[in-house]
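Student: I would like to go through the aromatic rings in a protein model. Please show me the structure.

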Amino acid sequence: MMQLKDILYGVRITAVSGTTTCDIASVQFDSREVQKSDAFVAIKGTVTDGHKYIDAVVKAGARAIVCEELPKEMVDDVTYVQVESGNQALALMASNFYDTPSKNLKLVGVTGTNGKTTVSSLLYQLFKKAGYKVGLLSTIKIMVDDTEFPTKHTTPDALVVNKHLKLMNDAGVEFCFMEVSSHGIHQKRTEGLAFAGAIFTNLSHDHLDYHKTFAEYRDTKKILFDQLPKTAFALTNIDDKNGLVMLQNTKAKKATYALKNYADYRAQILENQFDGQLLKINDNELWSKLIGYFNAYNMLAIYATADLLGLDQLETLRLISELENVDGRFQYYISKNRITAIVDYAHTPDALKNVLETINTLRTGNENVITVVGCGGDRDRSKRPVMGNIASEMSNKVIFTSDNPRTESPTEIITEMEAGVEPQNVKKMLSIENREQAIKTACQLADANDIILVAGKGHETYQETNGKRVDFDDFKIVKELLNSLDK
């Protein structure tokens with residue numbers, strides 16, 4: 001139990017009805033989770049408005065209601081707190097309820113369009129190998145040192161984040177690496193978190209269904225850096241034209257990394273092969289199992305972060321050479337018939353282009369590249385023809401298929417992808433709505449030494465259609481299909 005007035009510390013309050021010295025059992029924003037003596041925070045979400053459920057949670061035993069609009073009828077013995085922002089209130093209340101856990105470890109946020117999961121996951125791997133107790137808050141999973149917690153949503157909410165940060169405190173975790181999405185920043189989920197550093201990877205076309213303009217998307221990312229304290233570091237990729245924008249108003253110590261421009265941390269690719277690449281980072285050479293330009297940037301960001309957090313540089317280089325690929329990020333399998341299948345989360349035009357460029361730099365030219373790709377439903381529609389164009393232009397054969405259609409028609413999504421295909425590339429194109437059938441067709445079309453890219457879903461182990469999720473694992477399916485063809 002904690003008193004409401006302590007949970008509300010730092011929240012912008014406009015009105016109060018009732019006492020704030022009452023005891024609160026827990027903080028909730030999902031009306032279905034509310035129990036006796038809880039505080040309920042009404043959030044105006046994209047799908048529903050929590051204000052609709054105030055009467056229901058009062059009947060369920062809620063002791064306090066925190067909302068942007070006070071209800072017309074208020075019940076005795078229930079405290080009503082009107083706030084400027086329900087999202088901000090939830091984030092600060094979650095942090096206060098769990099005793100501001102982010103202050104008791106070094107929390108580093110990773111933001112950008114591509115590379116967030118890889119950079120945060122590999123930093124977790126590296127610091128574990130260096131002997132530290134480490135935490136990870138990512139779209140794939142939450143790790144409290146060695147204990148894994150599955151994530152229900154791609155971006156954990158403020159309650160989930162602070163609850164697991166408190167578990168990290170209890171476990172003696174020293175460092176935590178967290179993916180920070182533009183949605184999370186915009187919905188104020190990061191309010192109340194004490195960051196020791198932030199990393200900017202890159203910015204490209206994504207989430208314009210949510211942010212409406214690219215400038216708004218960029219400026220939302222920038223808020224993470226604007227809010228950093230003087231004691232933190234701000235690390236940015238200055239090969240990206242938005243890299244320096246992130247540093248404009250930050251009070252944090254500024255650091256830069258790049259492959260093409262002069263920067264504090266620089267890297268050069270000396271060799272690039274299917275089993276790894278030879279990098280030169282700040283005059284030291286290392287072999288990495290992770291391949292491609294995009295992974296060279298990821299390795300450089302990891303090296304720079306480790307250095308800024310005080311790890312020995314040569315030890316960091318040694319540990320980077322031991323790092324393994326993250327699930328669904330350029331994850332590959334070579335069959336007995338010498339067909340290479342690559343599964344990658346590339347679901348933006350830039351990510352798809354990066355993966356296909358990497359494949360095309362590694363091939364001899366005699367192999368065919370067969371790409372299986374779709375686009376998610378209820379998401380940014382403007383990227384669909386762009387991705388259709390990239391896939392058809394940079395592959396020998398492309399199969400358009402379903403991704404997670406959600407509430408949209410898979411056929412219409414595929415039609416929008418097809419619209420981006422140039423006339424000279426139409427002959428390369430197939431459209432097969434059923435994703436498993438599309439992958440099977442790619443396997444049947446492939447000859448020895450050919451390369452199959454299955455893009456868009458990566459690590460996901462489900463496919464979502466009309467609110468229902470069914471088991472679907474790209475890597476498992478393509479591996480099984482290739483093995484059955486081998487027999």
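Predicted model: local features only at pLDDT ≥ 70, side-chain atom pairs only at ≥ 80, totals over all residues.

Student: How many aromatic pairs does the structure hold?

Tutor: The structure holds 8 aromatic pairs.

Student: What makes F127 and F177 a pair, and why is the pair called tilted?

Tutor: Their ring centres are 5.1 Å apart, and the limit for a pair is 6.5 Å.

Student: Which residues make up the cluster linked by ring pairs?

Tutor: F127, Y132, F175 and F177.

Student: What makes F294 and F330 a tilted pair?

Tutor: The centres of F294 and F330 are 6.0 Å apart, with 45° between the planes. That distance is within 6.5 Å, and the angle falls between 30 and 60 degrees.

Student: Why does F294 count as buried?

Tutor: The relative accessibility of F294 is 18%, and buried means under 20%, so F294 counts as buried. F330, at 1%, counts as buried too.

Student: How do you know that the charged end of R469 sits over the ring of Y462?

Tutor: The charged end of R469 is 3.8 Å from the ring centre of Y462, and the distance limit is 6 Å. K457 also lies over the face of Y462, at 5.1 Å from the ring centre.

How values were computed: Residues numbered from 1 in each chain as written. Heavy atoms only, no water. Buried < 20%, exposed > 50% of the residue type's maximum accessible area, 1.4 Å probe, protein only. Lys NZ or Arg CZ within 6 Å of the ring centre and 35° of its normal.
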